[in-house]
Amino acid sequence: MFSRNDFATLRVCHEPLVNSDMPTQRPLKPAELYKACEGRDFNFRSTRSVDPLEGILGQDRAEDAVEFAVSMPSSGYNIYAIGRNGLGKRTMVQRYLETRQTSSEHEVYDWCYVNNFDDLRAPRVLRLPAGLGSAFKKDMEQLLVRLGKAIPQAFDNESYFERSEYLKSELAQRQQKALKGLAKQAEKQQVQLTISTPGGYRLVALNGEEPYSPETFSALPEEVQNAFEDKINKLEKKLRNVLRKLAMWEQEYSDSQQKLNEEVTLAVSEHQFDTLKSRYKGHAELIDFLDRAHRDVLENVEVFLEDTEEQSALAAATMDNKLPRRYQVNVLVHHKDANRRPVVIEENPNHYNLFGAVENVTYKGTVFTDFTLIRPGSLHRANGGYLLMDAIKVLEQPFVWDGLKRALRGGGLSPNTLEREMTLSGTISLEPEHVPLDLKIVLFGDRDTYLLLQQYDPDFGELFKVVADFENEIVRTPETQMRYARFISSLVRSKNLLHCDKQAVMRVLEHSARVAEHQERLSLHAADIANLLRESHYWANQEKARLICKEHVEKALESAEFRSRRIRDQVFDNIREGATLIDTQGKAVGQINALSVLSTGDHEFGLPSRLTATCYAGDGNVIDIERNVQLAGAIHSKGMMILTAYLSSQFGRTRPLGVSASITFEQSYSMVDGDSASMAEYCALISAIAEVPLRQDLAITGSMNQFGVAQSVGGVNEKIEGFYDTCCIQGLTGSQGVILPRSNVRNLMLNQRVLKACQLGEFSIYAVDSVEQALALLTGMTIGKRLANNHYSKGSLLELVQQRLEQMSSAASGKSGSKKASRRAARN
């Protein structure tokens, strides 16, 4: 039996059992820590002599998808472009679409709204060849200006006045003659015809020359009253006949007056309309509209004769001229070049901006609208071409996504207000004729949004059949490096920056490989490269240099890091002051330096964390303290389960493990996730079980599988640099370094400070294939091999671990037996 004091505690040190055949692990060579560009791969002195890149860098797959979509005439072949923000997706697609113009396959039209003289609430749409819309609008305005002058002049002359007065006098004479004849008949019968109200007539009985009053008439004998009533009834029948004749003559006069007006108007306007029709004789829609407009002018000539206050107020409210609105042309979309398809980018795709609207004005409390107040949306402007939008912005706006799908499915678009869409407005509005839609829509978004739309919107797959998947990186070869140099040349030219010399281009490419976290790849994050070139241009200007040199790129990188690392400096100040406990020298049992990456939004940095493990007799359960207090993510918990499974497979094949353990990150008060510390956790656990101390001058990162194989992790450059900075704070000894999976060697693009330290032998990087190799480095012991009897080779670390586990298992069994005996004695 063993007492509790026999078991390992955190700070108990155990002399390692060093074997003469202990394997040696050599650090990586400096050339393996950074892949520099070779000058012979770049046959230029500066980007001045480098041709700009015309196509899309490294996006052959996405370019092929875009080309396929725009070449497909069928509906539904719209594009969803997937990629991280900053890749330059929109710029690439816009540039590609603007350079690929095939007018022979596709026609571009101007779209206009004009008045529907048959139904004023349903304005008609005109489809005109590109460039004709504005010309026709100007011609109509000039026509209306000429008619606005000529028609009033034609009506303001003696000839028209004479003919009009003749019609009036003729009507008056006929009316007077008919009424006088009836009045004479009435007088013969002692009845007077009087006018009671305007347009109203009355027959009254006479007492001599004066009409009877109601009192005097009622005083007459009944026979006299009846006689008068009979006379009046007969006269009223004649009066009604006369009044019918008067109404008929007035209508004849009105028709004659209208005919006169039309005759005068026709004499003034016919040649004007004929001239315009001859100009547009090849366009049937325009000829039809001009014919309808001419007929309406003849029927409503008073529009040109009456300049009312209402018309002036409406013209001022709509910032329009005072021309008659019913004959104007509302050019919804105008294209200057018929051979170029429109490429429209909508930054704010709300309902108004996308679908257009029917605006209105308020005059004396009355809401007014007409076809001239129809406003186009981005869909109208992009019709016949391409519309580019951000998917998230489209989905955020109310009613926009449903409206967009409805327009694409129906193939037509009619401007409408959001209030009417939501049925919040009860005012009467217009119902414009639909504009036929023929365009390609490109949505830019991330993969998560794409997957959500695919899963929850059954229409999405039918309307967006093409996915343009943009690459984040490109393979690094001499050919792609030269294409990247051409890309840099196009950037400095388009942004009006200083040109870069060869060394500056090489440094930008090396930084791109660092961003890609791969020696054999280059990042395609165009926004980062553009920002680096802008800032390098700034520092070059500060020094009044003619070219951007390598030193300016280095200065830009250093400046950007300095601006972003305030929180990082505070964290390392805690290490410097001793508030954060980290050892970079000596040895300790159950303690190891694990490495993690912290992100502050725009900056990431590596940081060492003390990871500790303790063990005691138990049932084989490994407690993850972070998980138990809900400070660990699912991936971290998965890594803990894997190392527990590996431990059991190594030492629990014939009997259960008799040990329990707990593992934690010390001084960690926030969420921990990822499995990059699983190798460190396993090494700390083995150290605690075997009571073998681990080197504190080494830090480790890497995950492991259930067979103990080291697996690659992310952020290795930041992690190594973070531990190096910690060692510099506490003092470099020359033995310090970092252990990482061998599969991560290709990800190394370390900064110059760490590279220089490695070249001088002050710092080392070790690559391992398995967790056992990491244990050999950390303990200095031979790991050992499994023998046929399920034991490990003598004098090895694993043999010591097995012995400790057997001791703990025996202790746990003895303790369990004592408890059972005590319970039996208590029952007896």
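This is a predicted model: local features need pLDDT of at least 70, side-chain atom pairs count only at pLDDT 80 or more; totals for chains, interfaces and linings use all residues.
In which hand, left or right, does helix 6 pass helix 7?

**Exercise 1. Describe how helix 6 packs on helix 7.**

Solution, step by step:

- Start with the crossing: it is right-handed where helix 6 passes helix 7.
- Next, take the geometry. Helix 6 spans residues 222–279 and helix 7 spans residues 284–299; they pack at about 155°, and their axes lie 8 Å apart.
- Angles over 145 degrees count as roughly antiparallel, so helix 6 is roughly antiparallel to helix 7.
- Now look for the residues that touch. Helix 6 contributes, among others, Gln258, Glu262, Leu266, Phe273 and Lys277, while the helix 7 side includes Ile287, Asp291, His294 and Val297.

**Exercise 2. Describe how helix 3 packs on helix 7.**

Solution, step by step:

- Helix 3 covers residues 132–155, and its angle to helix 7 is about 20°, with the two axes 13 Å apart.
- The cut-off for roughly parallel is an angle under 35 degrees, which means that helix 3 runs roughly parallel to helix 7.
- Turn to the hand of the crossing: helix 3 and helix 7 cross in a right-handed way.
- List the partners. From helix 3 come Leu132, Phe136, Met140 and Ile151; they meet Leu286, Phe289, Leu290 and Val297 of helix 7.
- Sorting the residues of this contact gives eight nonpolar, no polar and no charged.

Methods: Residues are numbered from 1 along each chain as its sequence is written. Side-chain values use heavy atoms; hydrogens and water are left out. Axes are lines fitted to C-alpha atoms, for helices over the stretch in contact, and angles run from 0 to 180 degrees between N-to-C directions. Helices (H or I, at least four residues) and strands (E, at least two) are DSSP runs, numbered from the N terminus. Angles under 35 degrees count as roughly parallel, over 145 as roughly antiparallel, 65 to 115 as roughly perpendicular and the rest as oblique. A crossing is left-handed if the near helix is turned anticlockwise from the far one by less than a right angle, and right-handed if clockwise. Contact means heavy atoms within 4.5 Å. Ala, Val, Leu, Ile, Met, Phe, Trp, Tyr, Cys and Pro count as nonpolar, Asp, Glu, Lys and Arg as charged, and the others, Gly among them, as polar.
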